[in-house]
Amino acid sequence: MSELLLARWQFGITSVYHFLFVPLTLGLSILVAIMETMYVRTGNETYRKMTKFWGKLFLINFAMGVVTGIVQEFHFGMNWSGYSRFVGDIFGAPLAIEALLAFFLESTFLGLWIFGWDKLPKKLHALSIWMVAIGSNLSALWILIANSFMQEPVGYIIRNGRAEMTDFFALITNPHVFYQFPHTVFGGYVTAAFFVMGISAYHLLRKNHLDFFRRSFKIGLIFGVISVFAVTGVGHLQGQYLAESQPMKMAAAEAHWETANPAPLVLLASIDEKNRSNSFEVAIPGLQSFMIYNRFDGEVKGINELQAEAEAQYGPGNYIPPVTPVFWSFRIMVAAGSWLVLMALLSLYLWKTGRLETKPLVLKALIWTIPIPYIANSTGWYMAEVGRQPWIVYGLQRVEAAVSPSVSAGEILTTMIGFTLVYGVLAVVDLYLLLKFIKQGPSDTAAVGTVDSPTKGVSLWT
C-alpha cells in the first residue's frame with residue numbers, strides 16, 4: 001500500500017477512536033454539573049451521590065479522550081508535513097488557543113473538582129465542574145474552527161506557495177462554524193443523555209437504587225429530548241448550507257448524478273460509480289429540492305455537472321468523493337438519529353404517564369440504544385471528512401499534496417499497527433472499568449428495599 005493510503009488509514013483510525021470519547025465528554029460534563037448544582041440548591045444527598053457516580057464515569061471517559069487526542073495532533077507533523085507547511089500558520093492558531101486556553105481551563109478545574117470534595121465550599125466546588133464543562137465545549141469550538149477552515153477556507157492569502165492568515169476574525173466567524181459546532185455539540189449532548197438513560201434503565205430493570213436512577217433518568221431524559229431535537233434541527237440547516245458551500249459533498253451524500261429541477265430525494269440506491277449513475281434507486285420526487293429550498297422546486301446540481309465545473313476551475317482531475325460510502329454513511333446517520341428521536345419521545349411519554357418501569361422491553365431497548373449516538377457521530381464525521389475528498393483544504397490543497405514525502409510506507413504501517421494494538425488494549429481497559437462501575441452502581445447508596453414509591457418525589461414536571 002502507498003504512503004498516502006496508509007497515512008489516511010492511520011489518521012482515520014485515530015480520529016474515529018478519539019471521537020468515541022469526545023461527545024460523551026461534552027455532554028456528561030454538563031450533566032454532572034447540573035447534578036451537583038441541584039445538590040447545592042437542595043442539599044439532597046442523592047444528588048451528591050449522583051454527581052460522584054456519574055462523575056466517576058466521566059473521568060474514565062475523559063482520560064481516554066485526552067490520551068487519544070494528544071496522539072492525534074502528532075500526525076500533522078509526522079505523516080502530514082505537506083499540509084502543515086502549507087496551512088500551518090492558520091491551522092495551528094486555533095489549535096494553540098485550544099490547548100493554552102480551553103484545555104488548561106478544563107484540566108485545572110478538573111483537578112480542583114477531583115481533589116476538592118469536602119475541602120472547597122459547595123458552591124465553589126460546583127463552579128469547578130461547570131468550568132470543566134465550559135472548557136470542554138470551548139475545546140470543541142476551537143478545534144472545529146480549525147476544521148472549518150479545511151471545509152471552507154476564509155481569511156487567508158496564498159504567498160510563496162503557502163497559505164497565510166490575513167484576518168483572524170474571519171477565521172473565528174467562518175460561517176461553517178455556526179453550523180458545524182452546534183451540530184457536533186448537540187450530538188455530544190444526545191450521546192451523554194442516552195448514556196445516562198440507558199444505564200439508569202439497566203438498574204431500573206433490576207430494581208436497584210430506584211430513587212437514585214429515577215432521578216438520573218429524569219435529568220437525562222429532559223436533557224436528551226431537548227438535545228435530540230436541537231441536533232436534528234441544526235443538522236437540517238447544516239445540510240441546506242452545505243448544498244450551497246459544498247454542493248459536491250451533498251450531491252455525493254444523495255447519489256445525485258444529474259442536475260434536476262425539481263430534484264428527487266434518493267432513499268435507497270445501487271450506485272455505479274464507474275459509469276456515474278445509479279443502476280437502481282428508490283426516490284421521492286421533489287423532496288430534495290424541498291429539503292434544500294423549503295419548496296418543491298429548485299435546481300440541484302448533480303455530480304456530473306459539478307465535476308465539469310471543478311475541472312474548469314482547478315484543471316483536469318477527479319473531484320468526485322467516494323460516493324457509495326458517503327451515501328450510506330449519511331443514511332446510517334439519519335437512521336440512527338431517527339431512532340433516537342423515537343426513543344426520546346417514547347421515553348418521555350411513558351415517564352410522564354408513570355409507566356416506564358412497567359415496560360421492560362422499552363428499558364431493554366434503552367440499554368441497547370447507548371451505542372446508537374456513537375454510530376450517528378462516527379458516520380456523520382465520516383461523511384463530513386470523506387465527502388470533502390479529494391481536498392484536504394477545500395479548493396486549496398489536495399490530499400496527496402499534504403502527505404509527508406520523507407516518511408516511508410513501512411514506517412507508517414509499523415506505527416499504525418502499534419497504535420492500533422495499544423488502542424485496542426486501552427479500549428478493553430476502558431470498557432472493563434466502565435462496566436465494572438456501571439454494574440456496581442453508586443457504592444454509597446442503599447439498594448433495593450430503601451426507596452420511595454415509583455412516582456413519589458420524582459415527577460418529571462416538579
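Predicted model: local features only at pLDDT ≥ 70, side-chain atom pairs only at ≥ 80, totals over all residues.
Biologist: What makes the contact between Arg 48 and Asp 118 a salt bridge?

Modeller: The side chains of Arg 48 and Asp 118 meet at 3.2 Å, N to O, and since the term asks for a side-chain nitrogen of Lys or Arg within 4 Å of a carboxyl oxygen of Asp or Glu, the pair therefore qualifies. A search of the whole structure finds eleven salt bridges.

Biologist: Why is the pair of Arg 48 and Asp 118 said to tie together parts that are apart in sequence?

Modeller: Arg 48 belongs to helix 3 (residues 45–78), whereas Asp 118 sits in the loop between helix 4 (81–115) and helix 5 (122–151), so the pair joins parts that are 70 residues apart in sequence.

Biologist: Why is Arg 48 called buried, and why is Asp 118 called exposed?

Modeller: Arg 48 has a relative accessible area of 14%, and because buried means under 20%, the word applies to Arg 48. Asp 118, with a relative accessible area of 67%, is called exposed because that term requires over 50%.

Biologist: How do you know that Glu 164 and Arg 159 form a salt bridge, and which network includes them?

Modeller: Their side chains meet at 2.4 Å, N to O, which is to be set against the limit of 4 Å, so the contact counts as a salt bridge. Glu 164 and Arg 159 are linked with Asp 89 and Arg 162 in a network of salt bridges.

Biologist: Why are Arg 215 and Asp 211 described as separated by about one helical turn?

Modeller: Both lie in helix 8 (residues 210–245) and are four residues apart, so about one helical turn separates them.

Biologist: What makes the nonpolar surface patch, and which element gives the largest share?

Modeller: The patch, of about 650 Å², is made by Leu 267, Leu 268, Phe 280, Val 282, Ile 284, Trp 328, Ile 332 and Ile 375. Strand 3 (265–272), strand 4 (277–284) and helix 12 (323–352) each give two or more residues to the patch. The largest share, three residues, comes from strand 4, where Phe 280 is found.

How values were computed:
Residues numbered from 1 in each chain as written. Heavy atoms only, no water. Patch = residues over 30% accessible without salt bridge, like charges linked within 9 Å, V, L, I, M, F, W, Y side chains within 5 Å. Areas by Shrake-Rupley, 256 points an atom, 1.4 Å probe, with all protein chains shown as cover. Buried < 20%, exposed > 50% of the residue type's maximum accessible area, 1.4 Å probe, protein only.
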